[in-house]
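This report describes one protein chain for a reader who is new to structural models. Please keep the sequence and the three-dimensional view at hand while reading.

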Amino acid sequence: MLELYQFELSQYSEKVRLILDYKGLEYRKIEVTPGIGQVELFRLTGQRQVPVLKDGNRYIADSTEIAQYLEIHYPQRPLIPKDSKQRGLCLLIEEWADESIGIKGRKALFSAISQNQYFRKSLLPTATPDVLKTLVEGVPNDFLKLLGFGVGYTPDVVRSAIADLKQDLEALTLLLADSPYLVGDEPTLADLAVAGLSILLKFPTASYLDIPPTLQGKGVPGLADNPVYEPFFAWRDRLYAQFRKPLIPTSNFGTSPTSINIE
């Protein structure tokens with residue numbers, strides 16, 4: 001079985017999960033603990049970042065490389081059009097989504113969790129002890145802003161990212177106004193990339209991610225709750241309902257991935 005080394009709330013991991021589900025492929029999720037788990041991942045693969053897909057004895061890193069690999073080795077339900085113009089547009093949108101929605105979405109989410117104590121507590125992994133959740137909830141907003149400066153997420157950078165995302169969402173809404181998909185009449189890699197990478201802006205309205213049910217349909221203020229972008233998120237959720245496999249309910253929020261073991 002295919003194995004996906006991932007972070008549950010990584011939008012690039014979600015992009016790959018959506019592609020795997022679209023192609024109808026069975027896979028096992030392996031959650032990589034930030035920090036020490038990434039050391040083990042590097043030992044196995046030479047790669048610290050997720051997602052990484054394992055197929056037999058082969059490891060494939062980077063969501064775009066994984067998509068290309070799956071297209072070649074698992075050609076059922078093709079992702080990339082054969083028509084040259086549609087193919088070029090599909091690849092262009094996928095690359096744009098990685099660099100725009102993917103990167104700027106992190107900055108927008110950081111802004112949201114730095115301003116909302118409940119939001120950041122709720123985004124912790126399911127297995128996080130309650131005492132740690134309480135500590136995280138109580139972290140002062142000013143401290144998080146200081147932390148943001150340390151990783152380059154200054155207020156100006158975050159504001160610029162959110163402004164760009166508003167333009168991106170407006171453009172996507174316009175492109176989808178009279179079309180079922182971004183490229184042609186069938187889903188392509190462009191659609192799955194844009195849809196999967198958008199989860200940090202607004203979480204899907206059903207149980208596809210291991211998050212509390214109260215966070216479903218919630219997201220970054222000014223983006224997730226803006227009626228102008230509602231047609232885009234409605235399109236995204238329809239795509240999910242059609243192709244993404246929902247989590248199997250457990251006693252927690254959803255299906256917890258296997259954690260990577262440190263030997």
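Helices (H or I, at least four residues) and strands (E, at least two) are DSSP runs, numbered from the N terminus. The model is a predicted one, in which local features need pLDDT of at least 70 and side-chain atom pairs count only at pLDDT 80 or more, while totals for chains, interfaces and linings use all residues. Residues are numbered from 1 along each chain as its sequence is written, and side-chain values use heavy atoms, with hydrogens and water left out.

## The chain as a whole

The protein chain contains ten helices and five strands. Of its 263 residues, 49% are counted as buried, a term that means under 20% relative accessible area, with exposed meaning over 50% and partly exposed in between (1.4 Å probe, protein chains only). The chain exposes about 13,000 Å², and carbon and sulfur atoms supply 56% of that area; such areas come from the Shrake-Rupley method with a 1.4 Å probe. A contact means heavy atoms within 4.5 Å. Among the contacts in the chain with a separation of 6 or more, 69% are made by residues 24 or more positions apart.

Confidence is expressed as pLDDT, the predictor's confidence in each residue, from 0 to 100. The mean pLDDT of the chain is 84, and 80% of its residues reach 70 or more. Over residues 128-140, however, the pLDDT is below 50, and this stretch has 15 contacts in the model beyond near neighbours in sequence. Residues 142-150 also stay under 50, and the model gives them ten contacts beyond four places in sequence.

## Loops and backbone geometry

Asp 62 lies in the loop between strand S4 (58-61) and H3. Its phi is near 80°, a positive value in a residue other than glycine. Arg 77, in the loop between H3 and H4, also has a positive phi, near 50°. Another loop, between helix H2 (36-45) and strand S3 (52-55), holds Pro 51. A cis peptide bond, with omega at about 5°, joins Val 50 to Pro 51.

Val 50 is also one of the residues touched by Ser 10; the others, not counting residues up to four places away in sequence, are Arg 17 and Ile 199. Ser 10 itself is found in the loop between strand S1 (2-6) and helix H1 (11-22).

Glu 71 belongs to helix H3 (residues 63-73). Beyond residues up to four places away in sequence, Glu 71 touches Lys 23, Pro 78, Leu 79 and Ile 80.

The table gives the relative accessible area of several residues.

| Residue | Relative accessible area | Class |
|---|---|---|
| Trp 235 | 5% | buried |
| Ser 10 | 8% | buried |
| Glu 71 | 16% | buried |
| Arg 77 | 41% | partly exposed |
| Asp 62 | 42% | partly exposed |

## Helix H4

How far apart are the end C-alpha atoms of helix H4? They are 46 Å apart, which agrees with the 46 Å that its 32 residues (84-115) should span at 1.5 Å a residue. The expected span is 1.5 Å times one less than the number of residues. H4 bends by about 35° at Ala 97, where the bend is the angle between axes fitted to the seven residues ending there and the seven starting there.

At the start of H4, a side-chain oxygen of Asp 83 comes within 3.2 Å of the backbone nitrogen of Lys 85. This is a polar contact, that is, a pair of N or O atoms within 3.5 Å; within protein, one must be able to donate a hydrogen and the other to accept it, and residues adjacent in sequence count only if both atoms are side-chain atoms.

## Helix H10 and Trp 235

Helix H10 (residues 230-243) has 14 residues and reaches 20 Å from its first C-alpha to its last, close to the 20 Å expected. Its buried residues include Phe 232, Phe 233, Arg 236 and Tyr 240. The buried residues of H10 pack against H1, helix H8 (155-175) and helix H9 (189-197).

Trp 235 is found in this helix. Which residues does Trp 235 touch, not counting those up to four places away in sequence? They are Leu 176, Pro 180, Tyr 181, Leu 182, Asp 191, Val 194 and Ala 195. Trp 235 and Ala 195 are 40 residues apart in sequence, and their C-alpha atoms are 8.7 Å apart in space.
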